[in-house]
Amino acid sequence: MAHIHTGSGQHDLTVSAFIVRETADGWRLLLHRHKTLGIPLQPGGHVELDENPWAAILREIAEETGYAPEQLMVLQPPVRVPETVDGTAIHHPQPVSVRTHDFDADGQHRHIDLGFALLADSEPTGARDDGESAELMWIDAEELAALPDIPENVRTIAKFVLEQARSAWEPVPVSRY
């Protein structure tokens, strides 16, 4: 989806997925070469006007990686607000990060991004959508540190997910939300 807000100083709401899994070579993080920016980034994109952030991240994950929701667990902090059960609100998982960053070089357009930490135990079973990046890469913490063209805020969150959240946060089935 294109940018919803295009005026100077306006913000778009985006979501991103920091997906990790254990392989024979250790823990790895999934990145893809962004089809517009041409740099390695985590899967994600804009929240469309007719969806909430959780629906948006599940859509973006399927489109950009081929992962089905049942293949993933969402990592949640061990201490979190209890879910309400009275039916007055929809409970969403806790993001691993909430950040605002400039999207354009002159700082006139910004994204407010909700980053979710997810755990996979296999390769994606589905196909990526036509027109999405064909280059998926599973990298470890050392490779992440050496990537020259990744934004530092992405590197920091990815490192946190790889080194801390994956072992300290609770894996919860995606279907719970």
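A residue is called buried when its relative accessible area is under 20%, exposed when it is over 50%, and partly exposed in between (1.4 Å probe, protein chains only). Leu 13 is partly exposed by this rule, because its relative accessible area is 33%. The model is a predicted one, in which local features need pLDDT of at least 70 and side-chain atom pairs count only at pLDDT 80 or more, while totals for chains, interfaces and linings use all residues. Residues are numbered from 1 along each chain as its sequence is written, and side-chain values use heavy atoms, with hydrogens and water left out.

Leu 13 lies in strand E1; helices (H or I, at least four residues) and strands (E, at least two) are DSSP runs, numbered from the N terminus. Together with Val 98 and Ile 112, Leu 13 makes a nonpolar surface patch of about 220 Å².

The interior comes next. In soluble globular proteins, nonpolar side chains tend to be buried together. A nonpolar core here is a set of buried Ala, Val, Leu, Ile, Met, Phe, Trp, Tyr and Cys residues joined through side-chain atoms within 4.5 Å. The largest such core has 22 residues, and those with the most contacts inside it are Phe 18, Leu 29, Leu 31, Val 96, Ile 139 and Val 161. Two or more residues each come from strands E1 (10–23), E2 (26–33), E7 (109–120) and E8 (136–139) and from helix H3 (152–168). H3 gives the largest share, six residues. A second, separate core of 20 residues includes Ile 19, Ala 56, Leu 72 and Val 174.

Contact means heavy atoms within 4.5 Å. Residues up to four places away in sequence aside, Leu 29 touches Phe 18, Ile 19, Val 20, Met 137, Trp 138, Ile 139, Ala 158 and Leu 162.

Charged residues form another set of links. Side chains of opposite charge can pair when their charged atoms come close. With a salt bridge taken as a side-chain nitrogen of Lys or Arg within 4 Å of a carboxyl oxygen of Asp or Glu, the count comes to 12. One of them joins Arg 21 and Glu 123, at 2.5 Å from N to O. This pair links distant parts of the chain, since Arg 21 is in strand E1 and Glu 123 is in the loop between E7 and E8, 102 residues apart. Arg 21 is buried, with a relative accessible area of 11%, whereas Glu 123 is partly exposed at 41%.

Elsewhere, a network of salt bridges links Glu 48, Glu 51, Arg 59, Glu 60 and Glu 63.

Asp 113 brings several kinds of link together. This residue is in strand E7 and counts as buried, because its relative accessibility is 3%. Asp 113 forms a salt bridge with Arg 99, with the closest N and O atoms 2.6 Å apart. Arg 99 lies in strand E6 (residues 97–102), so the pair ties together parts that are 14 residues apart in sequence.

The side chain of Asp 113 also makes polar contacts with the side chains of Thr 14 (2.7 Å) and Ser 16 (2.6 Å). A polar contact is a pair of N or O atoms within 3.5 Å; within protein, one must be able to donate a hydrogen and the other to accept it, and residues adjacent in sequence count only if both atoms are side-chain atoms.

Notes:
Patch = residues over 30% accessible without salt bridge, like charges linked within 9 Å, V, L, I, M, F, W, Y side chains within 5 Å. Areas by Shrake-Rupley, 256 points an atom, 1.4 Å probe, with all protein chains shown as cover.
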